[in-house]
Amino acid sequence: MATPASNRALPAIAVDPTNKPYFDAAREGRMLIGLCKDTGKHFWYPRGCSPFTLSNNVELVEAKGTGTIYTYTVMRTKEPYCVAYVELDEGVRVFTNIVDCDLDEVRIGQKVKVVFKPTQGDSPPATMFTPV
Amino acid sequence: MSINGKAYIVGAFEHPTRKADDKSVAQLHAEVAYGALQDAGLTKDDIDGFFCTGAAPGLGPLNMADYLGLTKLRHFDSTDVGGSSYVMHVGHAAEAISMGLCDIALVTLAGRPRAEAMATGTAPRSWGVNVPDDPFEIPYGRTVANAYAMCAMRHMHEFGTTSEQLAWIKVAASHHAQWNEQAMLRKVVTVEDVVNSPMVSDPLHRLDCCVISDGGGALIIAKPEIARSLKRPLVKVKGHGEATKNQNAGYTDLTYSGARWSGPRAFEEAGVTPQDIQYASIYDSFTITVLMQLEDLGFCEKGQGGKFVSDGNLISGVGKLPFNTDGGGLCNNHPANRGGMTKVIEAVRQLRGEAHPKVQVPGCTLALAHGTGGLLGTRHGSATVILERE
């Protein structure tokens, strides 16, 4: 028996001065991830400091938007939805949802690509993933 | 500096209520504090150290200290790492006592999520305002249940752990809860009952989850001279370890918990090994929580938790490691959604020989209590204490 992904209403996202560039890019259909310029390493989630060195020598860079499912679960609520960590091709594991598919077919190791889903009001879209 | 032998748990009290429709949270704090003092044979004005968390009403310890009439305080601590806090407070109280910062410490926990009809595990929830990870997790429906379920899913993928193995943890808890008149779920369940209960968040079923309950508990920790002057059995704080685990900048590994660090710290301080432990209170928000902590504390190899918990190995009188003999969070209670307090209390009962006769570990002299607070799948606190009957 299939469990189609629901189109549950997504809450507005709390944009702050530090994460605003990430969400501005999301409005344009681009997914960004953190880059520590001290070490050359990517990080997740976006923030105003390097979690490797604590300096503010960081920038947001565009990710390819593809990856594989590291782990997932389907919340069996009235509107079922799939929460997952997706490991991006850049290496970081991103807390997200898997959408636009049969949730009973989601598997660890599955290849996925980014999609952007509207949230409430003028809030920027959420960064989600769907099987390739 | 070691705290081994520098402090004793002299009072412990678990509130009997499981649904507190007619009591406020502050009233519950007062009742557990009074109960623990009565248990110890002490009075309110003996207390000069006070420990609570952000779950206590008010600003840190201030409003509760006022409500409880604690006027002699010279030390306080409101460290809040969710449900593991109260295990950690035992360690912090022992440290404070060993440094002479206080002589008699009170730790309280109380809450009424059940009376308030809180959707504890299945509704997205933030821990506060301006939390930087919220915009990257809350819109995705992060809940307590799914943050633990994702750990279970990965554990199954990497190590072949099964739902039936996880179910054994609930089965063991239910075997203990049948003897506890206050437990919310006293019916003995089978592996089949667990795996056939409704799915909450794959692969965790309803019976893989702890109960939601009101209530609370309190502990009194005192310096050795005072402990010896009282009439209760001597329960010594022998070792303590604490840790946090986080997402590691996006390179997270969900197959282990902070117990990997807090456990060895506690064992080293206590000078004992996991094989020496006769009884273990292991935080049981979900069955997977227990399984991962048992591995990380060293009771079995990483990935072997499924085999370790199977076939009743956690049932008192049956298996090698009796755990949560009050029925734990899975069957007894989980006051204020924070199970660390009751973990310590049942360990104290075991060491005093005051657990229910059907689950009492004969000659129990060395016990461990361990807590995980926050979310296993995102960021959590971890605390381990090792206690000894003297």
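From the N terminus on, the elements of chain A in this predicted model follow the order α-β-β-β-β-β-β-β-β, that is, one helix and eight strands. The C-alpha trace of chain A spans about 50 × 35 × 20 Å along its principal axes. For 132 residues a compact globule would have a radius of gyration near 14 Å, and the 15 Å of chain A agrees with this. Of these 132 residues, 40% count as buried, and among the contacts in chain A between residues at least 6 apart in sequence, 52% join residues at least 24 apart.

Chain B holds 12 helices and 11 strands. Its radius of gyration is 19 Å, close to the 21 Å that the globule rule gives for 390 residues, so chain B is as compact as a globular protein of that length. Taken along the principal axes, the C-alpha atoms of chain B fill a box of roughly 55 × 50 × 40 Å. Of the 390 residues of chain B, 61% count as buried, and 77% of the contacts in chain B between residues at least 6 apart in sequence join residues at least 24 apart.

In soluble globular proteins, nonpolar side chains tend to be buried together. In the present model the largest nonpolar core has 160 residues, and those with the most contacts inside this core are Ile9(B), Ala36(B), Ala105(B), Tyr148(B), Ile220(B), Ile221(B) and Val344(B). The element that gives the most to this core is helix 4 of chain B, residues 144–159, with nine residues. For Val344(B), when residues up to four places away in sequence are not counted, the residues touched are Tyr86(B), Val87(B), Val90(B), Leu219(B), Ser281(B), Ala369(B) and Val385(B).

Val344(B) is also one of the buried residues of helix 12 of chain B. This helix, residues 340–352, has 13 residues and reaches 19 Å from its first C-alpha to its last, close to the 18 Å expected at 1.5 Å a residue.

Two packed helices are described by the angle between their axes and the distance between the axes. For helix 3 (residues 85–98) and helix 12 of chain B, the axes come within 6 Å and cross at roughly 60°, and the two helices are therefore oblique to each other. In this pairing, Ser85(B), Tyr86(B), Val87(B) and Val90(B) of helix 3 of chain B meet Gly340(B), Met341(B), Lys343(B) and Val344(B) of helix 12 of chain B.

The contact between the two chains takes 31 residues from chain A and 28 residues from chain B. On the side of chain A that touches chain B, at least two residues each are supplied by strand 2 (41–43), strand 4 (66–75), strand 5 (81–88) and strand 6 (93–98) of chain A. The largest share of that side, five residues, comes from strand 4 of chain A.

Notes: Residues numbered from 1 in each chain as written. Chains lettered and ligands numbered in written order. Predicted model: local features only at pLDDT ≥ 70, side-chain atom pairs only at ≥ 80, totals over all residues. Helix = DSSP H or I, 4+ residues; strand = E, 2+ residues; numbered from the N terminus. Rg over C-alpha atoms; globule rule 2.2 N^0.38 Å. Buried ≥ 20, exposed ≤ 12 C-beta atoms within 10 Å, placed from the backbone. Contact = placed C-beta atoms within 7 Å. Core = buried A, V, L, I, M, F, W, Y, C linked by C-beta atoms within 7 Å. Expected span 1.5 Å × (residues − 1). Axes fitted to C-alpha atoms, helices over the stretch in contact; angles between N-to-C directions. Parallel < 35°, antiparallel > 145°, perpendicular 65-115°, else oblique.
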